[in-house]
Amino acid sequence: MTATRRLTEAEWRIVEEEAARRPLAPRPTEGARERVNRRWQEVLQETRVAQTGVQILFGFLLSLAFTVRFHELGGFDRGLYVVTVVTVVLAASSTAALIAPVSLHRCLCGLRLKEEVVLAAGRLMVCGMVLLALTVGCTLLLLLDVVLGGALAAGIVVGAVMLWFALCWYATPYRLRRRALSRARDAGPR
């Protein structure tokens with residue numbers, strides 16, 4: 001059995017610098033059909049990951065109003081739950097958007113529209129993820145307001161979490177995409 005060790009921060013920097021200097025390896029030739037099939041498999045895998053989280057969150061939100069403690073909430077918290085009911089609608093909408101690629105595929109299977117289905121599914125996934133982020137933010141606001149006992153503290157924490165969502169889900173991929181497009185543009189046609 002081989003022992004492995006974790007790389008130090010300095011070693012990671014060296015690895016990253018070497019990778020940045022290395023030219024992008026050409027991808028093996030992939031036909032249009034193989035590319036569409038690969039992209040479809042990627043969409044399905046992403047959908048599986050997102051669906052689980054949104055379905056658990058949706059179930060939690062639906063059950064919240066039926067708890068004993070719910071009737072003890074004050075005016076602000078009940079108002080916040082009304083906003084969270086909107087969040088339940090957001091969660092339901094997120095569920096619909098994240099499950100839609102499966103329905104698209106099933107309804108259009110065999111019509112040779114896979115490329116169109118993949119594009120539509122990608123857009124629906126992005127829409128579903130935005131709705132999911134909003135759902136998580138509103139749910140956190142309700143929970144943290146009850147736990148922390150103050151809307152200001154809850155708002156600050158939720159604001160930080162939503163910023164983190166934006167950085168992880170949108171800013172980082174956008175930055176990486178711009179960098180890859182810039183590298184491809186600098187490399188020019190081969």
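My entries below go from the whole chain to single residues.

**Ground rules.** I am working on a predicted model, in which local features need pLDDT of at least 70 and side-chain atom pairs count only at pLDDT 80 or more, while totals for chains, interfaces and linings use all residues. Residues are numbered from 1 along each chain as its sequence is written, and side-chain values use heavy atoms, with hydrogens and water left out.

**Entry 1, the whole chain.** I looked up the secondary structure and found 5 helices and 0 strands, in the order α-α-α-α-α along the sequence. Helices here are DSSP runs of H or I with at least four residues, strands are E runs of at least two, and both are numbered from the N terminus. I then checked burial: 24% of the 190 residues count as buried. My cut-offs are under 20% relative accessible area for buried, over 50% for exposed, and partly exposed in between, with a 1.4 Å probe and protein chains only. The accessible surface comes to about 13400 Å², and carbon and sulfur atoms hold 65% of that; the areas are from the Shrake-Rupley method with a 1.4 Å probe, and for residues only the protein chains shown count as cover. For contacts (heavy atoms within 4.5 Å), I noted that residues 24 or more positions apart account for 74% of those with a separation of 6 or more.

Thr 135 sits in helix H4, residues 114-148, and it counts as buried because its relative accessible area is 0%.

I went to Phe 60 in helix H2 next. Phe 60 is partly exposed at 31% relative accessible area, and beyond its neighbours within four places in sequence it contacts Thr 139 and Leu 143. Phe 60 and Thr 139 are 79 residues apart in sequence, yet 9.5 Å apart from C-alpha to C-alpha. Asn 37 is also in helix H2, which covers residues 32-64. Asn 37 is partly exposed at 29%, and its C-alpha is 8.6 Å from that of Glu 115, 78 residues away in sequence.

How many salt bridges does the structure hold? I counted 1, using a side-chain nitrogen of Lys or Arg within 4 Å of a carboxyl oxygen of Asp or Glu as the test. Glu 42 pairs with Arg 38, with the closest N and O atoms 3.0 Å apart. Both residues lie in helix H2, 4 residues apart, or about one turn. Glu 42 is partly exposed at 37%, and so is Arg 38 at 28%.

I also looked up a negative surface patch, formed by Glu 9, Glu 16, Glu 17 and Glu 18. Patch residues have over 30% relative accessible area and no salt bridge, with like charges joined within 9 Å and nonpolar side chains (Val, Leu, Ile, Met, Phe, Trp, Tyr) within 5 Å. Glu 17 belongs to helix H1, residues 9-21, and is partly exposed at 45%.

Last, I stopped at Arg 112, in the loop between helix H3 (75-108) and H4. Arg 112 is not a glycine, but its phi is positive, about 60°. Arg 112 counts as exposed because its relative accessible area is 77%.

How values were computed. Lys, Arg positive; Asp, Glu negative; His and termini not counted. Charge placed at Lys NZ, Arg CZ, Asp CG, Glu CD.
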